[in-house]
Amino acid sequence: MATENIPLSYKGHPLRRKDNLIYYGTMAEKYIIMLQILSSKKVDGLDMADKVSVQLQLTDPDLKSRDRVVRKSEKDSLYAAMDLASVWLERALSTK
């Protein structure tokens, strides 16, 4: 059986990770979420994020990086950050 290369997704939007940055959404849309893991702690030998920055950003390449940020927040866990990110992204993409 051939294995397909299915990208990781959450609530219908793709996730991409590079070191401590996680991008949620697709660059083909108007908005994307950038999650940055600011700090982590060891829990049973595994690193768990305990401070995560969430930013709703425009994908327009002509804007400066600080002008792309529409909303931002910090959360105490990756789960809380992903929950907020999914709400922000759905609301931003539903408005025209």
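Colleague: Which residues does His13 touch, not counting residues up to four places away in sequence?
Modeller: In this predicted model, His13 lies in strand E2, residues 13-18. Its relative accessibility is 14%, and the limit for buried is under 20%, so His13 counts as buried. Not counting residues up to four places away in sequence, His13 touches Leu8, Tyr24, Gly25, Leu89, Glu90 and Leu93.

Colleague: With which side chain does the side chain of His13 make a polar contact?
Modeller: Among the residues that His13 touches are Leu89, Glu90 and Leu93. The polar contact has a length of 2.6 Å, and the partner is the side chain of Glu90.

Colleague: Which element supplies the largest share of the largest nonpolar core?
Modeller: That core has 19 residues, and those with the most contacts inside it are Tyr24, Ile33, Leu35, Val54, Leu56 and Leu89. At least two residues each come from E3, strand E4 (31-43), E5 and helix H2 (78-94). The largest share, eight residues, comes from H2.

Colleague: Which residues is Tyr24 in contact with, leaving aside its neighbours within four places in sequence?
Modeller: Tyr24 is among the residues with the most contacts inside the largest nonpolar core. Leaving aside neighbours within four places in sequence, Tyr24 is in contact with Tyr10, Lys11, His13, Pro14, Leu15, Ile32, Ile33, Leu35, Met82, Ala85, Ser86 and Leu89.

Colleague: Is Gln55 buried or exposed?
Modeller: Gln55 lies in strand E5. Not counting residues up to four places away in sequence, Gln55 touches Ile32, Ile33, Met34, Val69, Arg71 and Lys72. A polar contact of 2.8 Å also joins its side chain to that of Gln57. The relative accessible area of Gln55 is 15%, under the 20% limit, so the residue is buried.

Colleague: How far apart in space are Leu21 and Ser53, C-alpha to C-alpha?
Modeller: Leu21 is found in strand E3, residues 21-24, and counts as partly exposed at 24% relative accessibility. Leaving aside neighbours within four places in sequence, its contacts are Arg16, Met34, Leu35 and Gln36. Leu21 and Ser53 are 32 residues apart in sequence, and their C-alpha distance is 9.6 Å.

Colleague: What phi does Lys11 have?
Modeller: Most residues other than glycine have a negative phi. Lys11 lies in the loop between strand E1 (9-10) and E2, and at 54% relative accessibility it counts as exposed. Although Lys11 is not a glycine, its phi is positive, about 50 degrees.

Colleague: And what phi does Asp44 have?
Modeller: Asp44 is found in the loop between E4 and E5. Its relative accessible area is 78%, over the 50% limit, so Asp44 is exposed. Asp44 is not a glycine either, yet it has a positive phi of about 55 degrees.

Colleague: Which residues make the nonpolar surface patch of about 270 Å²?
Modeller: One of them lies in strand E5, residues 46-58, and that residue is Met48. Met48 is partly exposed, with a relative accessible area of 42%. The patch is made by Val43, Leu46 and Met48.

Colleague: Which salt bridge links distant parts of the chain?
Modeller: A search of the whole structure finds three salt bridges. Lys18 and Asp19 meet at 3.9 Å, N to O, and both are exposed. Lys42 and Asp47 have their closest N and O atoms 3.5 Å apart, and both are exposed as well. Lys51 and Glu74 meet at 3.8 Å, and this pair, with Lys51 in strand E5 and Glu74 in strand E6, 23 residues apart, links distant parts of the chain.

Colleague: Are Lys51 and Glu74 exposed or partly exposed?
Modeller: The relative accessibility of Lys51 is 37%. For Glu74 the relative accessible area is 48%. Exposed means over 50% and buried under 20%, with partly exposed in between, so both Lys51 and Glu74 are partly exposed.

Colleague: Which pattern does the chain follow, read along the sequence?
Modeller: The chain has two helices and six strands. Read along the sequence, the pattern is β-β-β-β-β-α-β-α.

How values were computed:
Residues are numbered from 1 along each chain as its sequence is written. This is a predicted model: local features need pLDDT of at least 70, side-chain atom pairs count only at pLDDT 80 or more; totals for chains, interfaces and linings use all residues. Side-chain values use heavy atoms; hydrogens and water are left out. Patches are made of residues with over 30% relative accessible area and no salt bridge: like charges are joined within 9 Å, nonpolar side chains (Val, Leu, Ile, Met, Phe, Trp, Tyr) within 5 Å. Accessible areas come from the Shrake-Rupley method with a 1.4 Å probe; for residues, only the protein chains shown count as cover. A salt bridge is a side-chain nitrogen of Lys or Arg within 4 Å of a carboxyl oxygen of Asp or Glu. Helices (H or I, at least four residues) and strands (E, at least two) are DSSP runs, numbered from the N terminus. Buried means under 20% relative accessible area, exposed over 50%, partly exposed in between (1.4 Å probe, protein chains only). Contact means heavy atoms within 4.5 Å. A polar contact is a pair of N or O atoms within 3.5 Å; within protein, one must be able to donate a hydrogen and the other to accept it, and residues adjacent in sequence count only if both atoms are side-chain atoms. A nonpolar core is a set of buried Ala, Val, Leu, Ile, Met, Phe, Trp, Tyr and Cys residues joined through side-chain atoms within 4.5 Å.
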